[in-house]
Amino acid sequence: MDQPVGQPELLKEINRTRAFEVLKSVRVLSRSELARQTGLGEAFVGSLFIAITTSLPEIVVSLAAVRIGAIDLGIWNFLGSNLFNLLILGLDDLFYRQGPLLAAADASHAVAIPAVVAMNALFLIGLTYRVMTKRFVVAWDTGAMAAVYVAAVALTYLLRGGGG
């Protein structure tokens with residue numbers, strides 16, 4: 001079993017993620033090209049590859065927080081990032097001049113909306129119901145969240161638009 005990580009180690013792990021921030025902008029710029037060349041579609045590439053890549057800093061912070069026993073820090077890292085990302089979507093709409101931003105979005109993004117609602121509902125149930133034991137590797141609520149995510153990614157793939 002790993003030793004608990006102290007505060008200096010947490011800061012080191014957070015600082016290591018700064019390299020991902022630089023790489024993030026490069027990867028976002030190449031998203032359209034990747035979607036075009038593979039035929040996977042921008043919605044699918046964005047929902048899977050870009051989302052995972054840009055979430056790496058949050059993953060590192062949350063895992064480090066859990067390792068040192070700062071569970072609330074890990075949870076608020078997720079919640080704060082989720083709230084801020086929704087704010088960014090509103091800012092995107094503010095600067096999009098061709099009309100409503102969501103009206104111009106690929107229809108396959110509609111898969112993410114019920115998935116996000118379902119995953120947040122499971123998160124809320126998990127916070128209020130407080131599962132005391134794990135029957136498997138994870139508690140039922142986190143397992144259900146993972147299943148919803150996998151289903152949403154699969155459905156996004158099936159409904160993907162063209163390469164551009």
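A polar contact is a pair of N or O atoms within 3.5 Å, where within protein one atom must be able to donate a hydrogen and the other to accept it, and where residues adjacent in sequence count only if both atoms are side-chain atoms. This is a predicted model, in which local features need pLDDT of at least 70 and side-chain atom pairs count only at pLDDT 80 or more, while totals for chains, interfaces and linings use all residues. Residues are numbered from 1 along each chain as its sequence is written, and side-chain values use heavy atoms, with hydrogens and water left out.

The protein holds eight helices and zero strands, so called when DSSP gives a run of at least four residues of H or I for a helix, or at least two of E for a strand, with numbering from the N terminus. Along the sequence the pattern reads α-α-α-α-α-α-α-α. Of the 164 residues, 23% are buried, a word that means under 20% relative accessible area, whereas exposed means over 50% and partly exposed lies in between (1.4 Å probe, protein chains only). Among contacts with a separation of 6 or more, 64% join residues 24 or more positions apart, a contact being heavy atoms within 4.5 Å.

A polar atom of the serine 62 side chain lies 3.4 Å from the backbone oxygen of glycine 74. When residues up to four places away in sequence are set aside, serine 62 touches Gly74 and Asn77. Helix α5 itself (residues 71–95) has 25 residues and reaches 37 Å from its first C-alpha to its last, close to the 36 Å expected at 1.5 Å a residue, where the expected span is 1.5 Å times one less than the number of residues.

A search of the whole structure finds two aromatic pairs, counted when ring centres of Phe, Tyr and Trp (its six-membered ring) lie within 6.5 Å, with planes under 30 degrees apart called stacked, over 60 edge-to-face and the rest tilted. In one of them, tyrosine 129 and tryptophan 140 have ring centres 6.4 Å apart and planes at 65 degrees, so the pair is edge-to-face. Because tyrosine 129 lies in helix α7 (residues 112–129) and tryptophan 140 in helix α8 (residues 140–158), the pair ties together parts eleven residues apart in sequence. Tyrosine 129 is exposed at 56% relative accessibility, while tryptophan 140, at 41%, is partly exposed.
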